[in-house]
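Student: Could you walk me through reading aromatic pairs and nonpolar packing in a model?
Tutor: Gladly; let us look at it together.

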Amino acid sequence: MSVDTYAICPCGSGKKIKFCKCKDSVHELDRIMKMVEGGQLVPALDRLATVLSEHPDAAWALAIRGRLLLELREYDSLAENADRFIRLQPSNPLALTQRGAAQLFRSDISAATESVLEALTESGRDVDAFVLDVASVLAMALVQSGVFLTARVYATLSMMASGYEDGQTAVAVLRQLNSAPSVNQFVKSIPEPFPRPADADWGERYDEAMGLLRSNKVMLAQSKFESLQRVAAGQPAVLSGLLTCAIWRGDTDAQSELLRKLSACESLDFQQRCRFLAMSALVQPDSSQLSVPVMTLSGDIEDAEQVDIAMTADARFVPFPANMLAQMRTSEDDVPPRAGFQIIDRDQPESLEQLPPVDEVPEAAAMVFVYGKQTDRAARIEVQDVRASDVQDVRQRIKAVAGDIELAEEEGDPLPLLVACQPPIAMIRFQAKPADAEILQAELAARRMPKAIASLKLPILGGASLLDLADDQSKLLERTTVIRIVEQYDAIASKSENLIQDLCELAGVPMLPTVKPNKDEIESIPNEDLCRVDPSDLDAESLIYLLQRAQQVSSTLAVRRFAGKLIHTELNEEQRPAKLLAYAALVNAAPTATDALETLDQAKAFAEANGMSTANLLLSEVSLRLQSGDAEGFQKAIETISTRFGNQPEVMAQLQQMLMSYGLIRPDGSAVRPPVAEAAAAPGLGVDPTPAAGSSGLWTPDGGPSMTPQDSGGEKKLWIPGMD
């Protein structure tokens with residue numbers, strides 16, 4: 001078949017073959033494409049090499065060769081191909097994209113971003129599918145590097161491109177960003193540029209810059225905005241235009257600086273300024289403005305065994321499990337510590353037979369590791385994650401068990417806010433059901449987390465804490481910003497319904513305003529305001545929409561509020577299935593397994609009363625019963641599924657897959673009982689892995705045993721699909 005000379009040349013120049021420099025060699029295109037379609041990639045590469053030796057300027061061959069090398073993961077050859085392609089056509093978007101792909105797979109993400117951005121600039125509005133493919137992979141790499149805003153713009157570009165059908169990677173990136181509770185809501189959306197003042201004498205230049213930005217000509221737009229900044233310094237519209245350029249470039253330092261400047265614009269609303277100040281700290285991958293400085297202490301000791309014995313005997317030292325210590329080394333060549341302990345703030349409880357009252361649960365002040373003598377160094381101890389306020393107390397504790405040793409201090413790796421916010425509960429194993437331990441954990445978070453957060457000394461507060469600055473009105477913006485950051489971390493805010501209110505009281509900050517939208521305003525509510533929406537006046541349609549949005553961006557407090565309201569809203573027959581979805585959302589957003597099970601019972605009753613299937617609810621119940629250590633309920637849920645849905649292969653297959661994932665059955669359906677030592681592997685405040693006398697020791701995902709119910713014959717059994 002002859003090549004259509006009026007088709008667009010595959011070299012990426014945008015010209016028709018008839019008018020492209022490739023016209024003299026493109027007759028080989030059909031032959032090579034048939035090889036590729038037939039899976040003959042290596043012969044196709046060989047043929048392309050022959051074409052390029054005969055026609056060194058055959059850019060189409062370099063374009064196709066680059067794609068094949070990328071598919072074969074020949075990244076060094078891809079880099080060489082890209083360099084040759086760029087020398088031949090310096091502004092070709094496919095050549096620039098090949099270079100970006102090679103840089104990406106060499107982990108040079110900054111250079112890869114620059115190359116892909118150049119390719120987009122040269123592409124204009126019509127972007128080749130290959131450019132979008134690489135942009136999607138770049139977005140995934142940016143997520144892994146913590147450059148969230150830039151990842152979002154590249155993923156959105158690929159997902160929204162007209163005619164592009166391979167957007168699965170981009171969709172996966174956006175889903176990962178939206179659903180992660182550890183990603184702050186403030187960086188789950190791109191700030192919209194501010195409109196310019198209508199009477200600005202620089203308005204025409206601004207409109208021209210925005211036009212370039214909309215055409216993906218980011219670098220040209222940035223030059224225009226930088227020129228505008230010299231005549232309109234401090235204008236939110238110009239700053240936000242520069243911010244958009246910095247986001248496309250992946251320059252987190254510039255993003256942070258521009259966001260900080262926007263937060264200083266007094267013409268903006270106070271809450272907008274808080275948002276921009278929060279984002280200025282959050283866009284930095286290391287979030288240094290939101291990290292808590294800690295110290296590391298270290299010193300040589302004479303006898304590691306004696307220090308180990310002394311720490312074990314001291315009520316203020318809680319030992320780490322041996323299997324955890326084996327994993328605590330920076331590389332395979334390093335020797336793990338011979339012992340490790342948490343230093344706690346009070347004596348360990350005398351009895352571990354039951355959970356202590358909330359006020360008596362110890363917290364950890366530091367971690368200490370004991371290393372034996374090695375060939376090239378003496379025996380030593382290392383104390384990690386010591387906050388400045390605890391240094392002296394920790395020193396005294398160490399000297400009480402190790403003698404009057406000299407401990408050197410150095411700065412350790414700062415604790416991220418997400419870690420520092422959590423009360424550092426000591427890893428003591430109590431004899432209790434996982435459900436009881438989970439309830440105690442929730443009570444601990446509700447009582448201790450507000451004070452723990454308010455006491456953090458953060459760089460964004462000038463090294464002070466919210467408690468230190470509670471009466472300083474000059475720091476109201478900074479104090480409010482910190483509280484808003486905490487509010488927008490779903491992994492923190494979802495721990496307690498009253499966390500933000502308690503934190504505002506401690507910090508001397510007015511409660512953040514409630515949002516009470518009407519039906520026409522719900523689509524314009526920012527993600528970060530969902531958790532403060534009052535749904536009391538909203539109709540069912542609005543509640544369903546907001547519930548879906550809150551689920552999409554993982555805003556647990558909003559999910560609880562919207563789902564709870566929807567359940568108590570009168571629905572018509574067409575909307576009624578949404579009530580079951582609301583129940584399911586409440587189950588997933590429940591603070592404890594006990595709460596989830598209570599909601600699940602209500603959901604099953606509603607489904608049965610309305611003739612709806614309970615299969616998915618029962619499958620969820622199996623998991624929840626395991627988590628809560630309720631073996632009798634676990635067994636009953638499985639039997640109910642078997643009775644009601646035993647003739648539905650898809651339901652039984654899901655059940656079998658679930659039991660396999662928990663390690664309870666093998667692929668052939670036979671039962672598995674993990675050894676007790678495996679159950680003990682998960683440390684933390686919770687359950688004693690040793691079964692009580694007379695217990696079957698059914699293992700649960702949280703490491704806790706529970707009683708397996710006896711059948712009428714007194715024999716303990718675990719039912720699995722197919723036994724009957």
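Tutor: Let us start with F606, which counts as buried because its relative accessibility is 14%; buried means under 20% relative accessible area, exposed over 50% and partly exposed in between, with a 1.4 Å probe and protein chains only. This is a predicted model, where local features need pLDDT of at least 70, side-chain atom pairs count only at pLDDT 80 or more, and totals for chains, interfaces and linings use all residues. Residues are numbered from 1 along each chain as its sequence is written, and side-chain values use heavy atoms, with hydrogens and water left out.

Student: How is a pair of aromatic rings described?
Tutor: By the distance of the centres and the angle of the planes. Rings of Phe, Tyr and Trp (its six-membered ring) pair if their centres lie within 6.5 Å; planes under 30 degrees apart count as stacked, over 60 as edge-to-face and the rest as tilted.

Student: How many aromatic pairs does a search of the whole structure find?
Tutor: Eight. In one of them, F194 and F276 are edge-to-face, at 5.9 Å centre to centre with 65° between the planes. Both F194 and F276 are buried. For Y583 and F606, the centres are 5.7 Å apart and the planes at 45°, so this pair is tilted.

Student: What links W202, Y206 and F225 into a cluster?
Tutor: Ring pairs do.

Student: Which residues have the most contacts inside the largest nonpolar core?
Tutor: W60, Y154, F225 and I483, in a core of 135 residues. Such a core is a set of buried Ala, Val, Leu, Ile, Met, Phe, Trp, Tyr and Cys residues joined through side-chain atoms within 4.5 Å.
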